[in-house]
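This report describes a few local features of one protein chain for a reader who is new to structural work. Please consult the sequence and the structure shown below while reading.

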Amino acid sequence: MQYKRSSALFSEAQQVIPGGVNSPVRAFKGVGGHPVFINSAKGAYLFDEDGNKLIDYINSWGPMILGHAFDPVVDAITATAKKGTSFGAPTVLETEIAQLAVSMVPNIDKIRFVNSGTEACMSAVRLARGYTSREKIIKFAGCYHGHSDSFLIQAGSGAITLGVPNSPGVTAGTAKDTLLADYNNLEQVKAIFEANKDEISCIIIEPVAGNMGCIPPASGFLEGLRSLCDEHNTLLIFDEVMTGFRLAKGGAQELYGVNADIITFGKVIGGGLPVGAFAAREEIMNYLAPIGPVYQAGTLSGNPLAMAAGITMLNELNEKPEIFSSINIKTKRLHLGMQAALIKHNIPHTINRVGSMISVHFSNDPVVDFASASAASGERFNLFFHGLLEHGIYIAPSAFETWFISDALSNEDIDNTIAAVGEIVAAW
Ligand SMILES: *Cc1c(COP(=O)(O)O)cnc(C)c1O
């Protein structure tokens, strides 16, 4: 496949946009080459500016769980837009999506909508600090919670791909309040609590990590965090920006049967529009302005177009829960097929999968945390990525990202992908 026009468009974009992109991982810096410029998308496919049709395994980094330009969502946005696109005053759409989310997710009474996952996580931590009157937080190396200052300490995703785990511009004062532990290492978390008695406001974690590839929580890990938080009066924040409304109606809380105190959302909850949200039990959420002391606000928060898209998406998932088993079965088909191809050609690999999140690491060792994810072969991943792109298959341009399976993918798309994987690795 040719990507000539994308290359030219990228050169032009670089003149006026830093690195040519509005979010770093899109620039393909981790894998080399230039990004693909998308013209349109429908269902499982992207159509780029060179006229190529690509099978999409990114799905806008998660939101398009039912495929691109899903008709009910597009119709809802169109109808709502005709009535005005923003009022800066309450609408019934906001109550409707809040009621829906509260009914689907365990252990939450109230939810506040914002414009991105970054904002949701940033606000959740402020709320936790305000509620507990403590300043320190624990995060895990390789977990990504958006780009606000407190989280850019060994963050995953684009921050790893670019090799700037600690971004300049984050002050030492901020960094000292973020305590780091290795994913799946409960002993380290215990030691941090011992060394910081009564100082830790919250633990924030991706209950299934998706920003260092896909890494499942080890058995007992989330439960262990829950008990430690209870013991130390610390709040547990599940960052379900990826996992929320993807792994189950009730996200990772439902899948693992572990309750968090604050849950953050993004991606699927906005149906492809810019939406984030954070939610908790009433006594915690009532700590927020205008009824509580913790300030948080947004001019476009609860925007009617975004709420209409979100409502339609959540309704679809709520009314057709078989979607979750359907995407899980498709993801398993992809997993087993790729695994067989990699084994056949003697390629060292580890495929991690939880529900419709999956990733391939080129290493025979278990990938359980940031160190083991980093130990896998980046060189092989890059060959793999470009091989797939030549076959018209679009996966995340970094080994430190999960793939997001959509229900629009057909078994034929998946089998074509598996065949391409076989062809690519046969040449190694
Ligand atoms: C994508 C993501 C975020 C950030 O969301 P944005 O909408 O990109 O700001 C936060 N946490 C996790 C787990 C994510 O995957």
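Is C229 buried or exposed? C229 is buried, with a relative accessible area of 0%; buried means under 20% relative accessible area, exposed over 50%, and partly exposed in between, with a 1.4 Å probe and protein chains only. The model is a predicted one, in which local features need pLDDT of at least 70 and side-chain atom pairs count only at pLDDT 80 or more, while totals for chains, interfaces and linings use all residues. Residues are numbered from 1 along each chain as its sequence is written, and side-chain values use heavy atoms, with hydrogens and water left out.

**Cysteines**

A disulfide is a covalent bond between the sulfur atoms of two cysteines; here it is a pair of cysteine sulfur atoms within 2.5 Å. The structure holds zero disulfides. The table gives two cysteines.

| Cysteine | Nearest cysteine sulfur | Distance | Relative accessibility |
|---|---|---|---|
| C214 | C143 | 12 Å | 0% |
| C229 | C202 | 8.5 Å | 0% |

The sulfur of C229 is too far from that of C202 for a bond.

**Helix α2**

Helices are DSSP runs (H or I, at least four residues), as are strands (E, at least two), numbered from the N terminus. In helix α2, residues 71–81, the buried residues are V73, A76, I77 and T80. Because they cover an arc of only 95° around the axis, they lie on the same side of α2; the arc is that of the directions from the helix axis to the C-beta atoms.

**Residue G220**

G220 lies in the loop between β7 (200–205) and α8 (221–231), and is partly exposed at 33% relative accessible area.
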